[in-house]
Amino acid sequence: MNINDYKKYISEETMMGPSCVRILEELLKQCPLQFAPGDEILDLGCGRGLTSLIIARETEAKVYANDLWISADENRNRFIEWGVDGQVTPVCEDANSPNFGEKQFSAMFSVDAYHYFAGNRGFFESKIMPFIKDGGIILIGIPGIKDKFEGRADELLSDWLGEDSHMFKSPKLCKEIIGNNNRIASVKTWEMECLDIAWSEWLAIDNNFSNGDKKYFDSIIKPYTCFVGIEIKLH
Ligand SMILES: C[S@@+](CC[C@H](N)C(=O)[O-])C[C@H]1O[C@@H](n2cnc3c(N)ncnc32)[C@H](O)[C@@H]1O
């Protein structure tokens, strides 16, 4: 993936937080993947569809772009404008009550979204795994707290995040929460390298959300948080 191919799509209109494109780039670098045209990939919590566009362009697979806050119609219009509407299907469903087919997807991606709905033990096993094929792969990138500060999210992050602080978990805890299952071959979690670049591209935007984050970058975001990379491989 060459990030320059996607710069024209990255804008105030399509971004919803620290650059999902940078996070996806690092996930794909860490775990290069190849798919066939018949494969189906779920992009869970795709927001305004930037990652879905890239996954579609970088693979020949069919992509399901699922989000809760952004309507399927809004995303469909963007996919038509971007020329990928035949390959990317917009869906608007709650990840807590999904309606996908059993073992439908060869892979699932989730960038800057999974922490909103998947913080409890058992979620992966009951709500995600049933839709993934044997041999499938799940790649997730989410904001979290560095391993050395695990257990201190309320104390360290609440000036910035308020009651949402609890959603920020360390790589070590994310791995524990995913848990074990005889379908899971391996789970790897790590502190991603793209923290500075992903945040700087978001903070360069001038809107109420990014300006709110800007005030806390030096005092909270950079010292205490990270992006947690998660790679799960199924048997
Ligand atoms: C910060 S935005 C990030 C969007 C996009 N992935 C990106 O990085 O630009 C978080 C996204 O998570 C999605 N989300 C939150 N809760 C969800 C749920 N229960 N089911 C599906 N998506 C959810 C929201 O709709 C929102 O678009």
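**Figure 1. Radius of gyration and overall build of the protein.** The protein has a radius of gyration of 17 Å, which agrees with the value near 18 Å that a compact globule of 235 residues would have. This radius is taken over C-alpha atoms, and the globule rule is 2.2 Å times the number of residues to the power 0.38. The model is predicted: local features need pLDDT of at least 70, side-chain atom pairs count only at pLDDT 80 or more, and totals for chains, interfaces and linings use all residues. Residues are numbered from 1 along each chain as its sequence is written. Along the principal axes, the C-alpha atoms fill a box of roughly 45 × 40 × 30 Å. The secondary structure comprises ten helices and seven strands. Both are DSSP runs numbered from the N terminus: helices are H or I with at least four residues, strands are E with at least two. Of the 235 residues, 39% are buried. A buried residue has 20 or more other C-beta atoms within 10 Å of its own, an exposed one 12 or fewer, and a partly exposed one a count in between, with C-beta atoms placed from the backbone.

**Figure 2. The nonpolar cores.** A nonpolar core is a set of buried Ala, Val, Leu, Ile, Met, Phe, Trp, Tyr and Cys residues joined through C-beta atoms within 7 Å. The largest has 54 residues. Its members that touch the most others are I23, I41, L42, V63, M108, I138 and F227. Strand β5 gives the most to this core, with six residues. A second, separate core of six residues includes I145, L157, F168 and Y224. Two residues are in contact if their C-beta atoms, placed from the backbone, lie within 7 Å.

**Figure 3. Helix α7 and its buried face.** Helix α7 covers residues 171-178. Within α7, P171, C174 and I178 are buried. Seen down the axis of α7, the buried residues fall within an arc of 55°, so they line one face of the helix. The arc is that of the directions from the helix axis to the C-beta atoms. An α-helix has 3.6 residues a turn, so residues three or four places apart point the same way. The buried residues of α7 pack against α5 (123-128), β5 (132-145), β6 (184-191) and β7 (225-234). G179 follows α7 and has a positive phi, near 80°.

**Figure 4. Two loop residues with positive phi.** Most residues other than glycine have a negative phi. K103 has a positive phi, near 50°, and lies in the loop between β3 and β4 (105-111). D112 has a positive phi near 55° and sits in the loop between β4 and α4. Is each residue buried or partly exposed? K103 is partly exposed, because 14 C-beta neighbours lie inside 10 Å. D112 is buried, with 24 other C-beta atoms within 10 Å.
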